[in-house]
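Here is a short tour for anyone meeting this structure for the first time. Have a look at the sequence and the model, then read on.

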Amino acid sequence: MDEGGIITWFTGFDLPVGEVIEAAVDWLNLNASFVFEAIKFPIDIFLNGLEDFLLWVPWWIIIIALVALAWWRAGWRVGVLSAISLLLIRFLEPEYWDLTMITLGMILTAVAFSVIVGIPIGIWAALDDTVDRIVRPVLDAMQTIHPFVYLVPIVILFGPRKVPGTLATIIFALPPIVRLTNLGIRQVPEETVEAARSFGSTQQQMLFKVQIPLALPTIMAGLNQTLLLSLSMGVIAALIAAGGIGQEILRSVGRVDVARAAEAGLVVLLLAVVLDRISQAFAEGEAETA
Amino acid sequence: MAYIEIRDLYKIFGPRPKEARRMLDGGASKNEIMAKTRHAVALQDVNLSVEEGETFVVMGLSGSGKSTMIRCINRLIEATQGEILLEGRDILKYNREELRELRQNHMSMVFQRFALFPHRTVRENAAYGLEIRGVDKSERFAEAERWLNIVGLTDWADSYPRQLSGGMQQRVGIARALCTDPEILLMDEPFSALDPLIRREMQDELVELQSRLNKTIIFITHDLDEALRLGDRIAILKDGMVQQVGTPEEILTSPINDYVADFTQDVNRVRVLTAQTIMIKPRPLQIDRGGPRVALKFMEEQGMASVFVVDRHRRLLGMLTMEEAIQAVQEDRREIEPLLNHEIDKTTPETYLEDLLPIAAQRRWPIAVLDEEERLIGAIPRVAVLGALAGTPDPHGHMDDTMVEEVVDALQQAAN
C-alpha cells in the first residue's frame with residue numbers, strides 16, 4: 001500500500017457512532033416506550049388542562065387578571081405597560097390571541113415542571129457536593145448543546161407536537177433554576193446556618209425556616225431566567241409542530257410573508273416583556289423582605 | 001466533679017487526623033505537621049473544668065483555637081478526640097437525638113457577627129429556639145417578648161435585624177439565646193464586633209444579667225481587659241493549648257510563663273487589682289502596749305515613716321508619724337493618744353486600684369485597709385500602688401525613690 005492509500009483509507013474512515021446511537025434510539029423506541037409515555041403523561045395532563053382553560057376564559061378576563069397581577073406586584077407603570085402590551089397582542093391580529101394562549105400554556109407548563117424538578121435538584125446539589133459534581137456537567141451540557149441537536153431524538157422517542165415540544169422546552173429552560181437554587185442555598189452565610197444548628201434545628205427545619213427563605217431572591221431570579229428561556233424555546237419548538245405562535249412565525253418565514261412574520265414576532269416580544277416584568281417584580285419583592 | 005469537664009480534647013483538621021495525632025505524640029510541632037501532612041492542629045490536650053453558675057472566659061489571640069473549642073462543646077465542630085462531660089455524661093458520645101435535645105433545651109450560643117436571621121423580625125428571631133422545639137406561636141412570642149423587654153428592645157419586636165444597630169442586634173442575639181432558658185450559654189466573642197463604648201456597656205449589662213440568672217457561661221474573647229472584667233475564671237489559650245487557668249487576679253499576679261506575662265503586661269491593672277492584692281501585712285502599734293519609743297522602733301523595723309495605732313481589738317485609732325514620735329521622745333512625753341493623726345486614708349479590701357491611685361499620688365502616708373468591723377487588716381504604702389501599676393505586684397518590689405517621684409509626677413500631671 002502506498003502513502004496515498006493510507007491517507008485515503010484514513011480520511012475515509014467513518015466511526016459508526018451515528019449508527020450506534022440510531023440503533024440505541026430504535027431499540028429504546030421499541031422496548032422502552034412505556035418510559036417515555038410515563039414521562040409524557042403528567043406533562044400532557046397539565047398542558048392540556050391549562051391550555052383548555054386559557055382558551056376557555058374570555059380574552060379580556062385574562063388581560064384584566066395579568067394587568068392586576070402586574071399592578072399589584074410591580075406598581076402602576078408595569079400595570080399600564082402590561083395593559084398596552086396585551087391589548088396590542090389582542091388587536092394586532094385577532095387570530096393570534098388563541099395562538100398566544102397556546103404558547104403561554106406551554107411556557108407555564110414548562111416553568112411549572114422546571115420548578116418541580118429543578119428546585120429539589122438544586123437544593124440537593126447545594127447540600128451534597130457529590131451531587132453537585134454530577135449535576136454541574138449535566139447542566140453545562142444542557143446549556144451548550146443546541147436544542148436543534150436534541151429535538152431529533154425527542155421526536156423519535158416522544159413523537160412530534162405539543163407535549164414533546166414542552167419537554168424540549170423544559171430541557172432548555174431547566175438549568176438556570178437548578179443553578180440559582182444551588183447558588184442561593186450555598187450563599188446563605190455559614191454563621192446563620194451555624195446559628196440555626198446551634199438551636200437544634202433538624203435538617204428539614206433548617207431548610208424550610210432558614211435556607212430556602214434566605215435563598216428565595218436568588219431562586220426567583222432563576223425562575224425569571226427559566227421563564228424567559230421557556231418563551232424562546234417555546235417558539236423554536238414549532239419546528240417539531242408544537243403549535244402556538246411559533247408555528248405562525250415558522251409558517252410566515254417559509255412563505256416569506258414579512259408582514260405576518262413581523263406581527264407574530266412582535267406578539268412574542270410583547271409577551272416576553274409582560275412575563276419578564278411580572279416575574280422580576282416577584283423576585284425583587286422577595287429580595288426586599290429577605 | 002465539675003459541671004462541665006473537658007478532658008484531653010484534640011481537634012485536628014484534615015482527612016486523616018489520626019496520622020497527625022501520632023506525629024504530635026512523636027513530638028512534632030504544629031508547623032511540621034502542617035508542612036508534611038496539611039493537617040491543622042487546632043486544639044491539643046485541652047483540659048478544663050467549668051463550675052455551675054460561673055462565667056468562664058477562654059481568652060486567646062486569633063488562631064489560638066478558642067472558636068474551635070467552643071464549637072466542640074455544642075458539636076458544631078466534631079472533636080477529634082477527648083471527652084466533654086456535662087454532669088458526668090460525655091456530650092461527644094450523644095446520638096443525634098440527644099444532641100438535638102441538648103441544643104434545644106440546655107445550651108445556647110451567641111455569635112460574634114450576631115448571626116441573626118435576616119428574613120425574620122426581631123420577635124421571630126428571639127423565638128426561634130422555641131419554634132424549633134415546637135412551642136406554639138402565642139406562647140413562644142410571649143416568651144420572646146419577655147426577653148426582648150429584659151434586653152431593652154420591646155419597641156423593636158416588629159423590626160427586622162438590618163434596621164438595628166450592631167449593639168441592638170447582639171441584644172437580639174442574647175435574647176434569642178436566653179429565650180430557650182438554657183443552663184449553659186456559649187458566647188463566641190459576642191462583643192468583638194461592637195465599638196468600644198457599646199462593648200463596655202454590653203459587658204456591664206451582661207454582668208448585671210448574669211447576677212440575676214446565674215447561667216453557666218463560657219465566654220470567648222481575644223480582649224484581655226474583657227476577660228478580666230467578666231471572668232470568674234480565665235483560661236488562656238495559645239496555639240490550641242491551655243497556658244493557664246485562674247482567677248483574673250491570679251493571671252495578673254502570677255503568670256505561669258512568659259507568654260501569659262507578656263499578655264498581662266499591657267493590661268490596665270488598676271481596673272482589676274484590688275487593695276487586698278497589693279496591701280502588706282501591717283504591724284500596728286497597740287495603743288496600751290507602748291509609747292513613742294516603741295513606735296519609733298516599729299517604724300525602724302518596717303522601714304517606714306509612720307505607724308498605725310490600733311486598740312486592743314485591732315480597730316484603727318490613728319496614725320503616728322515619725323516627726324511626731326521623735327518630738328515626743330525629745331519632750332519626754334509618754335502618751336500617744338494626743339499625738340495621733342486622724343486624717344488617715346482608709347479603704348476596703350475590694351477597692352480597685354483605680355480608686356486608690358489619686359490618693360496614692362497625693363499623700364505621703366500609707367493607706368489603711370479596714371474590714372467591715374473597722375479592723376486594720378492591711379496597709380498600702382504608695383510605693384505598692386505605683387509598683388503594681390508598673391507591673392510589679394510585689395509591694396516590696398524594688399522601686400527606688402526617684403522612680404516613685406517620677407510616677408507621682410506623672411500621675412499628678414494627669415490629675416491636673
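## A greasy spot on chain A

Helix α5 of chain A (residues 76–92) gives the largest share of the nonpolar patch, 4 residues. Helices here are DSSP runs of H or I with at least four residues, strands are runs of E with at least two, and both are numbered from the N terminus. The patch covers about 510 Å² of surface and is made by Trp71(A), Trp76(A), Val80(A), Ile84(A) and Leu88(A). Of these, Ile84(A) sits in helix α5 of chain A.

What counts as a patch? Its residues have over 30% relative accessible area and no salt bridge, with nonpolar side chains (Val, Leu, Ile, Met, Phe, Trp, Tyr) joined within 5 Å and like charges within 9 Å. Accessible areas come from the Shrake-Rupley method with a 1.4 Å probe, and for residues only the protein chains shown count as cover.

## Where the numbers come from

This is a predicted model, so to speak of local features takes pLDDT of at least 70 and side-chain atom pairs need pLDDT 80 or more, while totals for chains, interfaces and linings use all residues. Residues are numbered from 1 along each chain as its sequence is written, chains are lettered from A and ligands numbered from 1 in the order in which they are written, and side-chain values use heavy atoms, leaving out hydrogens and water.

## The two chains

Chain A has 13 helices and 0 strands. Its C-alpha atoms fill a box of roughly 75 × 60 × 40 Å along the principal axes.

Chain B is assigned domain 1 (53–82 + 92–269) and domain 2 (275–415), with bounds from an automatic or database domain assignment. The C-alpha centres of these two domains of chain B lie 43 Å apart.

## Where A meets B

Here, 19 residues of chain A are in contact with 29 residues of chain B, contact meaning heavy atoms within 4.5 Å.

How many salt bridges link chain A and chain B? There are 2, a salt bridge being a side-chain nitrogen of Lys or Arg within 4 Å of a carboxyl oxygen of Asp or Glu. Lys209(A) pairs this way with Glu131(B), their closest N and O atoms being 2.7 Å apart. On the side of chain A that touches chain B, α10(A) gives the largest share, 7 residues.
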